[in-house]
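How do the pieces sit against each other?

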Amino acid sequence: MASKKPVGEVTRGTTNPNRLRRVDRYIATLPVVRKPGAVIVDLGYGASPITAVELRARLSKINPSLRVVGVEIERERVERGLAVAEPGLDFLLGGFETPLPSGV
């Protein structure tokens, strides 16, 4: 099957460090975060992968087996994310299409 263009539009990508800390704290209260092997998606993380990095750091304190996947529509942004990827923190090219690509 041929790969389709990601669904969505490129944003300005102005997310800064700690900008989503309150949202991360809320996400940490959700029961799904405690499930073994849970996958949390940071959709449209922006020009820098910092929101996905911070989300993984905060949530891994609650559940070390949790996985954060940063999904971004612009290839260069994904490449910046891949430069900081580590076990439990992945980055991929995509948009608003669901479900996640196989293997995620």
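Three strands make an open sheet, ordered S1-S2-S3, with parallel pairing. Strands (E, at least two residues) and helices (H or I, at least four) are DSSP runs, numbered from the N terminus. Two strands count as paired if DSSP finds at least two bridges between them. At the edges are S1 (39–43) and S3 (89–93), each pairing on one side only. Neighbouring strands are turned by 25° against each other on average, direction ignored.

This is a predicted model: local features need pLDDT of at least 70, side-chain atom pairs count only at pLDDT 80 or more, and totals for chains, interfaces and linings use all residues. Residues are numbered from 1 along each chain as its sequence is written, and side-chain values use heavy atoms, leaving out hydrogens and water.

S2 (residues 67–72) pairs with S3 in the parallel sense over five bridges. Val-68 stands opposite Leu-89 in S3. Helix H3 (residues 75–82) lies across S2 and S3 and runs at about 165° to S3. Angles run from 0 to 180 degrees between N-to-C directions, with axes fitted to C-alpha atoms, for helices over the stretch in contact.

Now the helix pair. H1 (residues 21–28) and H2 (residues 50–60) pack at about 40°, with axes 10 Å apart. Which residues of H1 and H2 make the contact? Arg-21, Asp-24, Ile-27 and Ala-28 of H1 meet Glu-54, Leu-55, Arg-58 and Leu-59 of H2. Contact means heavy atoms within 4.5 Å.
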